[in-house]
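Colleague: I would like to learn how to read a model like this one. Please take me through it feature by feature.

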Amino acid sequence: MRLSRYFLPVLKENPAEAQIASHRLMLRAGMIKQSSAGIYSWLPMGFKILRKLENIVHEEQVRAGHIPMLMPTLQSADLWRESGRYEAYGQEMLRIKDRQDRDMLYGPTNEELITDIFRNHVGSYKDLPLTLYHIQWKFRDEIRPRFGVMRGREFFMKDGYNFDIDRCSAMHAYNRHLVSYLRTYERMGLKAIPMRADSGPIGGEDTHEFLVLADTGESEVFYDSAILDLKIGDRALDYDNQDQCAAIFKEWTTPYARTDETHEHEVFAQIPDERRKSSRGIEVGQIFYFGTKYSESMGADVVKDTGERVPVHMGSHGIGVSRLIGAIIEASHDDNGIIWPEGVTPFHCGIVNLKQGDPETDAACEALYLGVMALGLEPLYDDRSERAGGKFATMDLIGLPWRITVGPRGLKNGVIELTSRRTGDSEEMPVENALARIAQIYNPCT
Ligand code: ATP
Ligand code: MG
């Protein structure tokens, strides 16, 4: 993409309404524009990252054997009356009437809708286990929308639902989700810690929240710092292997890690002093096992091989896709702007032309631009007639992990400069070497 043709409305000044870094930087980097409280338009740069995160979530869910689908944002109130949550959900639910005076609502979550689909189409144990998910906009009329996309009213969420014949099979689904979520966050360059939590209005017994540590997080968390050393990495995973998933679950849930709702002082006090930590955290996901809560109230049962009819065991699992963008920025920025992890960066590298209009510099930039694209990667080429300082400030603000700077002085010696956004380190090298480095960074197999 050529910056001269892109739509990147960066702001020079810090917007007064933004209290935290991620909100400020998303506005300044031209990623979002508020349309009303807690509701945003996703401008091209923000939308690009949203799509990248969505794709990572899809890839990891499909890898775990979960099936994508799409349910609507607007739902009929009738299903929620069956489960008893129409009244129980309270004012966070946006209630709407259609022209026939029917009660509708903008879905805050989808347990009722999916249970209805299930009971209409599945009746036998032979169709289980089954996990369906979608990534769709949600609406919760939050009392205090704030921090930009972190606590929006309209937000983008992956929600998945497992249907299993018994508790044992449902617990495998629970563990599988934990593993797939850990992998998802790691690919986004994030450390998200699963913490034992409280189930709230979703209901149920077992639940873990995934928290990214950040001073600006809304949750208070307590943990054994040993958990920070754990990594899924690229170990071979077999999601059908119950023992392997259970072992990873155990590995990640043995060190103490709790939100304030489930915190136990006595247990916490037993952790050695230097590993006993408390801080703030951002909730980026949650998994639940809630047994037969919805299947019993809504009549979702299956016939077992013995002929007996039993309600299915269910769980639900959510990832806050739009909130994740804020969480990544909170975890990865400096005074000059965002620092995107390579796994989610909107463009793979930036190209800065130091002397737009100089035939030799322009030609070198064009060649580089085509060269990066030929690698199957996306460069953002700043081809505007701006001063170098302004170009650097924009690149730093939008946070592409690698910047290639091209100017007449370097070209005389046959070199350009490759700069890491994270470390600020620069290296001069011939164009071919820069291309080889970029190729290697994004695709270490080549
Ligand atoms: P919170 O406690 O932050 O209000 P929640 O526990 O009510 O969130 P869940 O029902 O667990 O939310 O939804 C799954 C995920 O969706 C959350 O882990 C979070 O990442 C995201 N999410 C929830 N509410 C919002 C919101 N208002 N804005 C952005 N993301 C949200
Ligand atoms: Mg939650």
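**Charges, rings and domains**

Modeller: R95 lies over the face of Y86, 4.6 Å from the ring centre. A charge sits over a ring if NZ of Lys or CZ of Arg is within 6 Å of the ring centre and within 35 degrees of the ring normal. K48 gives another case: its charged end sits over the ring of F347, 4.3 Å from the centre. Some ground rules: this is a predicted model, where local features need pLDDT of at least 70 and side-chain atom pairs count only at pLDDT 80 or more, while totals for chains, interfaces and linings use all residues. Residues are numbered from 1 along each chain as its sequence is written, chains are lettered from A and ligands numbered from 1 in the order in which they are written, and side-chain values use heavy atoms, with hydrogens and water left out.

Colleague: How do I read ring pairs, and how many aromatic pairs does a search of the whole structure find?

Modeller: A pair of aromatic rings is described by the distance of the centres and the angle of the planes. Rings of Phe, Tyr and Trp (its six-membered ring) pair if their centres lie within 6.5 Å; planes under 30 degrees apart count as stacked, over 60 as edge-to-face and the rest as tilted. The search finds 14 aromatic pairs. Take Y106 and F139: the ring centres are 5.5 Å apart and the planes stand at 50 degrees, so this pair is tilted. The pair links distant parts of the chain, with Y106 in strand 6 (residues 103–106) and F139 in strand 7 (residues 130–139), 33 residues apart. Strands (E, at least two residues) and helices (H or I, at least four) are DSSP runs, numbered from the N terminus.

Colleague: Are Y106 and F139 buried or exposed?

Modeller: Buried means under 20% relative accessible area, exposed over 50%, partly exposed in between (1.4 Å probe, protein chains only). Y106 has 13%, so Y106 is buried. F139 has 6% and also counts as buried. Elsewhere, ring pairs link W42, W137 and F156 into a cluster.

Colleague: Which salt bridges does R81 form?

Modeller: A salt bridge is a side-chain nitrogen of Lys or Arg within 4 Å of a carboxyl oxygen of Asp or Glu. By that rule the count comes to 31. R81 forms one with D78, the closest N and O atoms being 3.2 Å apart. R81 and D78 are separated by about one helical turn, because they are three residues apart in helix 3 (residues 77–83). R81 forms another with D103, where the closest N and O atoms are 2.7 Å apart. R81 lies in helix 3 and D103 in strand 6, so this pair ties together parts that are 22 residues apart in sequence. R81 is partly exposed at 41% relative accessibility, and D103 is partly exposed at 22%.

Colleague: Which residues are linked in a network of salt bridges?

Modeller: The network links E59, E60, R63, R183 and R187. E366 is in helix 11 (residues 359–374) and R2 in the segment before helix 1 (21–28), 364 residues apart. E366 is partly exposed at 28%, whereas R2 is buried at 18%.

Colleague: How is the chain divided into domains, and what is the area buried between them?

Modeller: The size of an interface is often given as the accessible area lost when the parts come together. Here the loss is summed over both parts (1.4 Å probe). An automatic or database domain assignment supplies the bounds: domain 1 covers 3–337 and domain 2 covers 349–442. Their C-alpha centres lie 38 Å apart. The area buried between domain 1 and domain 2 is about 1,100 Å², and carbon and sulfur atoms give 60% of it. In domain 1, L3, S4 and N336 lose the most area to domain 2, together 41% of what that side buries. Contact (heavy atoms within 4.5 Å) joins 14 residues of domain 1 to 12 residues of domain 2. Two salt bridges are counted between domain 1 and domain 2.

Colleague: Where does I416 lie?

Modeller: I416 lies in strand 22 (residues 416–420). I416 is buried, with a relative accessible area of 2%. Beyond four places away in sequence, I416 touches residues including I404, L411, M429 and A434.

Technical notes
Buried area = accessible area lost by both parts, 1.4 Å probe.
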